[in-house]
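Here are a few notes to read with the structure open beside you. Take them one at a time and find each spot as you go.

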Amino acid sequence: GRAGSRDSKATTMTKDNRTKKKPRGRHPATRGRRGGRTRGGRAGSRAGGGGTSTSDDQWAADNDAFLAQARTIDPTRAEEVDAGLHRLIALQNQQLGERATSGRDRMPFSVYRFICKKLRQDGGGDAIFAHCILTLSWSLMSRSESMTIANLHHIDWHDDCLVIYFHHWKTDQLGLNKNEPWHVYANPIDPDVCPHLALSVYLLTFDTILPTGNKLFQGPDPYNRYSEALLCIGRKYAAEIGAMGMDVKYLGVCSVPKGAETYVTAGCTVAPPIVSVCLRAGWLIGNVKERYLHYQSAGDMYVARMATGLEVMSTDFAVSPPYFEGDESVLDAVDEWVLAVAGEGVKDHPHLRHVVKYLLASFCYHREYLKSAFPSNSPFFSSIAFATMQSDAVINASIVRYPWNKTPQTPELTGIPPHVAIICKLEELQERRRSAGLQS
């Protein structure tokens, strides 16, 4: 592992000075450890997080020294020297107690739920904005840059879930896969992390987006607005988040997809197909694999149900989204409410009318929770949904169903793996026994 050459004039590193002092230059493999200069940690670097305390000037000087030394290496020994430097750096990091990872840390699900709860309790406009992006980014395992440029007209509804299309993606910048729908499911069991409810609250609070907007997240710099709101919550509740095992110095927008990807792939013993996770996360998986392994909706649906936080070993995993169920008069009143909320413009976009209908159902289903979760001065209570509030008959028509008690009006339930289907069958048998007056 010597970093030198056979030339007597070349600089060499003996065994003694390898153990007594640090190598002069940083190997290129350690460049990612600079102080929070990545896109995902752009705002985080101002908060004092990410990487080591080495200044940019010192890093540049160290790198120049390494390059000067590298020019003396015999080209035939480059691979050997490279491996030696990696071993040297690893040993140095072990001795100095350096961080095991570089960049932003992944966000555990417990921290994700906690931040969602605090954003909801804040109730301000920025908090509502950030909460919506946070839940969608987690559910889609999406880079925040992709999420903040999402288009309202690329959102649709299929069966029992939202779908979002992206024409520009990190690993698909030409839009070759723009027709692939990425599914987003509701979580009516845990409203703090439910992306449908977060989107509903956001669109109802900022009620000019639906009638007039194209961009889902508007404003001069939605990425920075979201990043600052996330970091503000992190600084405010640093002690609580630290008690959950995460240092807020390494919290950033990149922590969100990292956390979601880890949660879905390693958070249970019945994880969904890894290929579907790789495709949803935008990971490249090699030329051969990408030639033969392609997107399929079933795999993405399973990933999406997992990502929304539903318990995968419970019948709750198969729950439907909130939807309106009732007679013709109730459903007609719902259609009129959709037009009152979204404006006449949605008549030209039937897919948006369908989306708004389910978002209003989510709003009605969680109305009591929302009244208690938001502070009284939240702009949400001045939204158009409250100004156009319908009768109790319409509001109470919002329900959820399971496979054993679904009706003809229940949307088709998708993304349910076989083991959950078996659990639901057992629950159906139990329901029949209870209905017959038999002991469970």
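1. Start with the largest nonpolar core, which has 101 residues; I115, Y202 and L216 touch the most other members. A nonpolar core here is a set of buried Ala, Val, Leu, Ile, Met, Phe, Trp, Tyr and Cys residues joined through side-chain atoms within 4.5 Å. Buried means under 20% relative accessible area, exposed over 50%, and partly exposed in between (1.4 Å probe, protein chains only). Helix α5 gives the most to this core, with 10 residues.

2. A quick word on what you're looking at: this is a predicted model, where local features need pLDDT of at least 70, side-chain atom pairs count only at pLDDT 80 or more, and totals for chains, interfaces and linings use all residues. Residues are numbered from 1 along each chain as its sequence is written, and side-chain values use heavy atoms, with hydrogens and water left out.

3. Now zoom in on L216. Leaving out residues up to four places away in sequence, L216 touches L136, A150, N151, L152, I155, L199, Y202, L203 and I209. Contact means heavy atoms within 4.5 Å.

4. Next, helix α14 (residues 297-307): nine of its 11 residues are buried, so the rest of the structure largely encloses it. Helices (H or I, at least four residues) and strands (E, at least two) are DSSP runs, numbered from the N terminus. The buried residues of α14 pack against α5, β3, α11, α12 and α20.

5. Last stop, C194: it sits in the loop between β3 and α7, and counts as buried because its relative accessibility is 1%.
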